[in-house]
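Here are a few notes to read alongside the model. Have it open and follow the points in order.

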Amino acid sequence: MTDAEIYAKHRDALVRYATALVGPDDAEDMLSTVLVRALRRVSLGDLDDPEAYLFRAVLNESRSFWRRARRPVLMRAERQHDLPDPLPEVVEALRRLPARQRAATYLVYYADLSIADAADLMGCATGTVKHYLHAARQRLRRDHRLRKDLA
Amino acid sequence: MNDLIRDAYAAIVAEAPPAPELPHTTAPPARRRLPAPAIVLAAAAMVLAAVGVPYLLLAGDRGGAGAPASGAPSWREGAPPPFSPRTVQFAAPLSDGRALMWGGTELPFPTGSDATARRLLDGGIYDPESDTWERIEPPDFMPAPREFESEAVAAQLADDRLMILQFGGDLGGAVYDVGTGGWTEITGAPGIDVTADAVAWTGDTLVLVRLWKGEAPWDVAAPLAARWSFDTRSWTAAAAPPLSLRLGAGTGFDGERLAVWGGALGENADLPGPATFAADGAIYDVAADTWTAMEPGPAGDSHATVAWIDEGLFVAGSLYDPDDGTWAAFPAPPAGAAVGKTIADKWEYRDGERQLLTTGSLVGHSGAHPAQLWVDGAWVDAPAYDVHLAGARLVATTRTGDNPDNLPFRAHRRDGEGWADLGPAPFTNRMESGVVAIDDRLVVVAGASGRTLQPAGDTWLLDIGG
């Protein structure tokens with residue numbers, strides 16, 4: 001497959017993943033940065049698993065993005081007003097998760113991947129993904145804004 | 001909860017922008033398909049071939065620090081830290097996977113009967129992915145004290161903001177914001193001029209609590225508390241603890257709730273002699289600025305271990321349920337696990353997860369530190385003193401803070417019901433290094449080395465593997 005064909009196959013999933021990690025305002029820029037860097041170094045067709053390579057690159061870039069911008073804005077405030085309770089609070093709580101916890105919760109709970117598949121895309125062990133999920137759930141449970149809703 | 005998370009992500013990605021077009025770049029030359037590590041090794045071999053075999057010998061165990069952890073555990077040396085050789089006072093992982101190392105004491109220790117070492121207020125942030133350091137300059141408004149000159153320099157990290165407090169003399173402090181790379185000064189708190197008996201830092205709010213009357217002219221008539229806001233850089237009085245004055249209350253903070261319990265009662269509790277110990281306590285909710293008195297506990301104590309764990313609030317060997325105000329006995333560690341007086345200490349998973357470590361106090365120089373970990377609702381033997389969470393793995397290391405027999409720095413990985421010995425580290429024995437577990441790696445920085453406590457200023461990484 002050519003680079004274009006490989007990218008076309010995963011582009012929608014990648015931009016959704018990038019949006020979940022850094023928000024809609026920065027997802028496109030971040031994914032563009034990842035692609036430019038990746039294609040300067042490697043041809044996607046030469047990789048054993050280009051999907052995992054790109055997903056890992058997006059996660060790594062999102063962490064760099066974090067260092068510059070601190071917390072990402074996952075959703076514009078005016079849109080949050082339109083969401084039913086308690087979703088605005090959940091969005092805010094997800095925003096406060098460390099990047100890798102957010103990646104794990106997105107891949108497993110939203111993208112409906114298995115732990116093993118999520119681990120593959122994140123470039124870590126399955127036990128690590130389980131830890132991220134556990135830590136994220138604990139953190140959300142302890143978020144005082146969500147206590148009532150989660151109870 | 002999973003449904004809520006899924007629905008929230010669905011709402012977030014509904015706003016996903018169009019995917020960018022594939023950029024036009026100069027395609028790399030076609031090459032034989034190699035797994036990533038082989039490509040790295042091939043590139044490294046080319047470099048080494050160019051510079052000659054001697055370099056290979058010098059750099060033999062220094063792989064790329066960003067290499068992923070794989071099956072066999074291995075140590076390798078990373079880039080040296082951007083600060084002087086030292087013991088490291090504070091080490092913790094940041095939310096982005098980097099490690100913050102801050103403070104410590106200069107090495108070698110000055111000699112002479114009244115010599116005191118200088119406390120260091122600088123540090124660094126290490127990124128194991130890129131094997132690079134970012135320096136933390138010391139706050140220019142805070143003089144570095146001599147060891148023992150100030151009562152303490154406390155440090156806490158929350159939400160990627162490092163808060164340091166310097167007690168003794170006038171209370172002063174600072175916050176280092178990793179996101180902006182700058183220090184913010186904390187000046188004296190109202191009514192809490194020289195010391196605090198409990199400190200809680202959320203990343204936005206600092207809470208100081210005075211529970212002991214203290215010395216004139218800084219003495220207080222009743223317990224009090226104050227809050228400092230990072231956003232407004234100002235202090236406000238906080239709700240006062242519903243407790244009597246006491247000395248040596250145990251404290252535990254879970255990021256939102258500060259529990260204080262016990263302590264020695266009486267005007268002269270700070271003097272030698274029989275003491276009466278309080279068996280009561282209270283819990284402060286930082287967000288609500290409210291105290292809730294705890295029900296009286298089974299026995300009074302001072303300097304008790306107080307720790308929030310999954311099961312509730314651990315207090316001096318008992319378990320308190322803050323929701324219904326009941327006490328229950330906490331399962332005792334297996335008989336014979338402790339040497340000397342049983343002590344308990346808390347340790348922290350990254351990302352706010354807490355568990356409890358209890359161990360026998362360190363008696364003698366045998367090097368055998370019998371320890372028991374409370375993990376997932378059961379006691380577990382630990383082969384060494386310090387315990388870290390590396391990814392989802394527990395890793396125990398030879399204690400770095402008290403190493404009288406020059407024990408080799410050694411790591412053990414929890415495998416199923418047992419521990420796998422990962423072997424001794426390739427560096428000389430260490431005391432008070434900065435040790436942080438990040439993902440599947442252990443990072444060990446600086447420390448006092450060997451029997452003569454020589455200064456070390458290096459960085460080592462262990463891929464936990466398995």
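1. Start with the open sheet in chain B: four strands in the order 11-12-13-14, with antiparallel pairing. Strand 11 (198-201) and strand 14 (234-238) of chain B are the edge strands, each pairing on one side only. From one strand to the next, the twist averages 20°. Strands here are DSSP runs of E with at least two residues, helices are runs of H or I with at least four residues, and both are numbered from the N terminus. Two strands pair if DSSP finds at least two bridges between them. Angles run from 0 to 180 degrees between N-to-C directions, with axes fitted to C-alpha atoms.

2. This is a predicted model, in which local features need pLDDT of at least 70, side-chain atom pairs count only at pLDDT 80 or more, and totals for chains, interfaces and linings use all residues. Residues are numbered from 1 along each chain as its sequence is written, chains are lettered from A and ligands numbered from 1 in the order in which they are written, and side-chain values use heavy atoms, leaving out hydrogens and water.

3. Back in the sheet, strand 13 (residues 224-229) of chain B pairs with strand 14 of chain B in the antiparallel sense, over five bridges. Ala225(B) stands opposite Ala238(B) in strand 14.

4. Now look at Asp3(A), in helix 1 (residues 3-22) of chain A. Asp3(A) counts as buried, because its relative accessibility is 18% (buried is under 20% relative accessible area, with a 1.4 Å probe and protein chains only). Leaving aside neighbours within four places in sequence, Asp3(A) is in contact (heavy atoms within 4.5 Å) with Leu39(A), Ser43(A), Leu44(A), Gly45(A) and Leu22(B).

How values were computed:
Buried < 20%, exposed > 50% of the residue type's maximum accessible area, 1.4 Å probe, protein only.
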